[in-house]
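This report describes the fold of one protein for a reader who is new to structural analysis. Please keep the sequence and the structure in view while reading.

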Amino acid sequence: MRAVVMHAPGDVRVEEIEAPVIVEPTDAIIRVTATCVCGSDLWPYRGIEELKGPTPMGHEYVGVVEQVGPDVNDIKVGDFVVGSFVASDNTCEICEAGFQSRCIHQVMMGSVGTQSEYARIPLADGTLVTVRGEPTERQARSLLAASDVLGTGWFAAVAAEAGPGKTVAVVGDGAVGLLAILAARQLGAERIIAMSRHADRQALATQLGATDIVEERGDAGIAKIKELTGGYGAHSTVEAVGTQESMMQAIGATRPGGHVGYVGVSHGVELDGMNLFFATVSLLGGPAPVRRFLPELIDLIMTDQIDPGIVFDLTLPLEDAAAGYRAMDERRATKVLLTL
């Protein structure tokens with residue numbers, strides 16, 4: 001089958017690799033109908049994360065079930081499914097508490113690779129959710145977003161306790177940050193401040209529900225948030241980048257007693273204990289438990305209440321994946337969808 005393989009920083013190829021087979025009795029094989037490039041895929045692409053040889057890429061996917069293992073009971077051949085970027089059994093105590101991304105049997109889908117014609121989905125019953133009805137093309141794009149960036153943005157907003165009467169600040173204007181804005185709006189936030197310096201992303205942030213745009217960064221960005229909130233800071237802040245600057249900006253922009261939902265994959269982030277002590281904020285984040293939210297998100301998409309697929313601003317065939325990586329790396333695209 002054809003699949004995206006990263007050989008070295010900046011070196012992405014589409015190659016013929018072995019098709020997946022059932023390994024565990026709880027596996028399913030899906031025919032991938034759409035996948036995409038994630039901002040986190042750019043860490044190894046830029047050489048910030050080490051590659052250990054040629055690596056199949058991708059962890060976001062929608063598709064049709066082609067085969068199931070003997071212990072798969074809920075997912076059927078022919079089902080159109082969406083799954084999380086983390087495979088989980090959805091039955092362990094951690095899963096039942098709503099943190100399926102930290103399931104004791106978790107499998108990171110990035111270790112499997114889904115930028116490919118077919119993919120093996122471990123723990124299929126706990127990972128995949130069947131979509132009822134025939135999605136339109138627009139709905140199918142949005143369902144793909146639910147596999148990671150929508151679910152991650154949603155978790156960030158929930159972790160930050162966005163809700164009615166709240167002012168929410170969002171640090172990061174990539175697909176996750178933009179969809180955290182959508183989530184905050186759906187959760188009833190009164191005011192949503194998007195921190196962005198890019199006109200195209202500012203326009204999309206406004207379309208998704210942002211009420212204010214802040215272009216300043218660092219201490220200047222923190223000061224602007226406080227100015228907009230009467231000196232208090234935001235009730236709820238989403239950190240969707242994963243750098244030292246973005247984390248400090250998120251914590252600094254949050255009022256005492258507020259909440260930070262951090263979902264940017266942390267690289268080089270260190271917190272000073274004394275500064276954190278006096279910030280008096282709550283921090284909750286990490287890999288998003290997308291599976292917790294998938295049934296609700298699928299319903300919102302299939303009833304046309306939300307349209308997160310608008311974050312895909314470049315669509316390419318799988319064979320042109322390298323061009324998609326370049327476009328995202330150079331910030332010429334927010335999110336690249338790959339068709340099969």
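The report begins with the whole chain and then turns to selected strands, a helix and single residues.

**The protein as a whole**

The structure is a predicted model. Its secondary structure comprises twelve helices and 18 strands. The radius of gyration is 19 Å, close to the 20 Å that the globule rule gives for 340 residues, so the protein is as compact as a globular protein of that length. Along the principal axes, the C-alpha atoms fill a box of roughly 60 × 40 × 40 Å.

How many of the 340 residues count as buried? The proportion is 53%.

**An open sheet of three strands**

Three strands form an open sheet in the order β2-β1-β4, with antiparallel pairing. Its edge strands are β2 (11-16) and β4 (55-56), each of which pairs on one side only. Strand β1 covers residues 2-8, and two bridges join it to β4, the two strands running antiparallel. Within this pairing, V5 has P56 in β4 as its bridge partner.

Is strand β11 mostly covered or uncovered? Strand β11 (residues 167-171) is mostly covered, since five of its five residues are buried. In a regular strand, the side chains alternate between the two faces of the sheet. In β11 both faces are covered: T167, A169 and V171 are buried on one side, and V168 and V170 are buried on the other.

β11 pairs in the parallel sense with strand β12 (residues 191-195), over five bridges. Opposite A169 stands I193 in β12.

T167 lies in β11 and has a relative accessible area of 10%; because buried means under 20%, T167 counts as buried. Leaving aside residues up to four places away in sequence, T167 touches R191, I193, T229, A234, H235 and S236.

**A valine in strand β5**

V65 belongs to strand β5 (residues 62-68). With a relative accessible area of 2%, V65 is buried. Which residues does V65 touch, not counting residues up to four places away in sequence? They are I29, I30, I75, K76, V77, G78, D79 and V81. V65 and V129 are 64 residues apart in sequence, while their C-alpha atoms are 11 Å apart in space.

**Helix α5**

Helix α5 (residues 149-159) is also mostly covered, with ten of its eleven residues buried. The buried residues of α5 are V149, L150, G151, T152, G153, W154, F155, A156, A157 and A159. An α-helix has 3.6 residues a turn, so residues three or four places apart point the same way.

What covers the buried residues of α5? The cover includes the helices α4 (137-146), α6 (175-186) and α11 (290-302). It also includes the strands β14 (234-239), β15 (254-262) and β16. After α5 comes E161, whose phi is positive, near 60°.

**Two loop residues with positive phi**

The phi of N90 is near 60°, and that of T280 is near 55°. N90 is found in the loop between β7 (86-87) and α2 (93-96). T280 is placed in the loop between α10 (273-279) and β16 (282-285). N90 is partly exposed, and T280 is likewise partly exposed.

| Residue | Relative accessible area | Class |
|---|---|---|
| V65 | 2% | buried |
| T167 | 10% | buried |
| N90 | 25% | partly exposed |
| T280 | 45% | partly exposed |

The classes follow from cut-offs: a residue is buried under 20% and exposed over 50%, so a value in between counts as partly exposed.

Definitions and conventions. Residues numbered from 1 in each chain as written. Predicted model: local features only at pLDDT ≥ 70, side-chain atom pairs only at ≥ 80, totals over all residues. Heavy atoms only, no water. Pairing = 2+ DSSP bridges. Helix = DSSP H or I, 4+ residues; strand = E, 2+ residues; numbered from the N terminus. Rg over C-alpha atoms; globule rule 2.2 N^0.38 Å. Buried < 20%, exposed > 50% of the residue type's maximum accessible area, 1.4 Å probe, protein only. Contact = heavy atoms within 4.5 Å.
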